[in-house]
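Work through the exercises below with the sequence and the model open. Try each task before you read its solution.

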Amino acid sequence: MEQANLGFCKEWASPKHHAIAAGPRHTVGLQSDGTVTAVGDNKYGQCDVSGWRDMVAVAAGNVHMATNTGNAHTIGLTSDGTVTAVGWNKHDQCNVNDWRNIVAVAAGWRRTVGLTSDGTVVAAGRNNEGQCNVGDWHNIVAVAAGDWHTIGLTSNGTVVAAGNNRYSQCNVSDWRDIVAIAAGYLHTVGLQSDGTVVAVGLNKFDACDVSGWRGMVAIAAGSYHTVGLQSDGRCAAAGKNEHGQCNVSGWRDIVAVAAGCAHTLGLKSDGTVVAVGDNKYGQCDVSSWHGILLPGN
């Protein structure tokens, strides 16, 4: 998810960092001391993050629901602008050790995306659908990675996209005054400066039915669901709810959200984390977490 400042202006500060990340079957948390913790499926070592230090952001790859969704990777951004990765690397999505001057990261299906300090973007991994064709992007302030498409937010509040557009998930060229972006399996979500939300793409399960949302300050997108964080610390969700991943209406004091394949995470103002949804692999077992990095810290 991308935490947004509703006082939209063209002069952006550094990107807001992700302290919680939800993969298909695992969950990652960045602690305030720069270490990282993870729970859930570890088939490819995507939870092997206990040795990470000096991290400022985390990302978890893959948001789609299929028999092979356990094939995932985890990305960590260090305070010196370098990037580390663990997990599934069949398509070289973890080959990011030579990246430098990175200020934000995103991870999709078989792919990793990095935003550099000069507003350009780098990508590694599968490019069959053109989702890594981001080399000509400029003035980018945030990035998001869906399964087969990549989204970039520019400094003037417009949005660019690359990759698969079968369900119109890349039809974002007319968006304006966007302050945060999120990319799900086959849909894309944008938070506008007035706290409203727009969405395009596959809407089979109503994940794009967000036009009535108001007062939002952050968004997240999973396989078939969308989550919004309100300015009062409450949350809203739309889309598929087969595993209860949209049951967030009772949450309070939330300061950040993340959405995985079929589970949803909320970071509370006291540094603890709540989770709902699919817990077959223990990806929602976060009740013991404390000291997760809060936005702005």
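Helices (H or I, at least four residues) and strands (E, at least two) are DSSP runs, numbered from the N terminus. This is a predicted model: local features need pLDDT of at least 70, side-chain atom pairs count only at pLDDT 80 or more, and totals for chains, interfaces and linings use all residues. Residues are numbered from 1 along each chain as its sequence is written, and side-chain values use heavy atoms, with hydrogens and water left out.

**Exercise 1. The whole chain**

Task: Find how many helices and strands the protein chain has, and what share of its residues is buried.

Solution: 
- Start with the secondary structure. The protein chain has zero helices and 22 strands.
- Next, take the extent. Along the principal axes, the C-alpha atoms fill a box of roughly 40 × 40 × 35 Å.
- Then apply the burial cut-offs: buried is under 20% relative accessible area, exposed is over 50%, and partly exposed is in between (1.4 Å probe, protein chains only). Of the 297 residues, 60% are buried.
- Last, look at contacts, meaning heavy atoms within 4.5 Å. Take those between residues at least 6 apart in sequence: 46% of them join residues at least 24 apart.

**Exercise 2. The largest nonpolar core**

Task: Name the residues with the most contacts inside the largest nonpolar core. Then state which strands each supply at least two of its residues.

Solution: 
- Define the set. A nonpolar core consists of buried Ala, Val, Leu, Ile, Met, Phe, Trp, Tyr and Cys residues joined through side-chain atoms within 4.5 Å.
- At least two residues come from each of E2 (20-22), E3 (26-30), E4 (36-40), E5 (55-60), E20 and E21 (263-268).
- Zoom in on Val-273. Set aside its neighbours within four places in sequence, and its contacts are Ile-20, Gly-266, Leu-267, Val-286, Ser-287, Trp-289 and Ile-292.

**Exercise 3. Cysteines**

Task: How many disulfides does the structure hold? Check Cys-170 and Cys-246.

Solution: 
- The structure holds zero disulfides.
- Cys-170 is in no disulfide; its nearest cysteine sulfur belongs to Cys-208, 13 Å away. Cys-170 is buried, because its relative accessible area is 15%.
- Cys-246 is in no disulfide either; the sulfur of Cys-235 is the nearest, at 11 Å. Cys-246 counts as buried, with a relative accessible area of 14%.

**Exercise 4. Aromatic pairs**

Task: Classify the pair Trp-88 and Trp-109, then the pair Tyr-185 and Tyr-224.

Solution: 
- Rings of Phe, Tyr and Trp (its six-membered ring) pair if their centres lie within 6.5 Å; planes under 30 degrees apart are stacked, over 60 edge-to-face, and the rest tilted. This rule gives five aromatic pairs.
- Trp-88 and Trp-109 are tilted, at 5.3 Å centre to centre and 35° between the planes. Trp-88 lies in the loop between E7 and E8, and Trp-109 in the loop between E8 and E9 (111-116), so the pair ties together parts 21 residues apart in sequence. Trp-88 is buried at 7% relative accessibility, and Trp-109 is buried at 2%.
- Tyr-185 and Tyr-224 are edge-to-face: 5.5 Å between centres, 85° between planes. Tyr-185 sits between E14 (178-183) and E15 (187-192), Tyr-224 between E17 (216-221) and E18 (225-230), and the two are 39 residues apart. Both tyrosines, Tyr-185 and Tyr-224, are buried.
- Ring pairs link Trp-148, Tyr-185, Phe-205 and Tyr-224 into a cluster.

**Exercise 5. Positive phi**

Task: Asp-92 and Asp-253 are not glycines; what are their phi values?

Solution: 
- Asp-92 has a phi near 65°, a positive value. Asp-92 lies in the loop between E7 (83-87) and E8 (102-108). Its relative accessible area is 40%, so Asp-92 is partly exposed.
- Asp-253 has a positive phi of about 60°. Asp-253 is in the loop between E19 (235-239) and E20 (254-259). Asp-253 is partly exposed, at 46% relative accessibility.

Methods
A disulfide is a pair of cysteine sulfur atoms within 2.5 Å.
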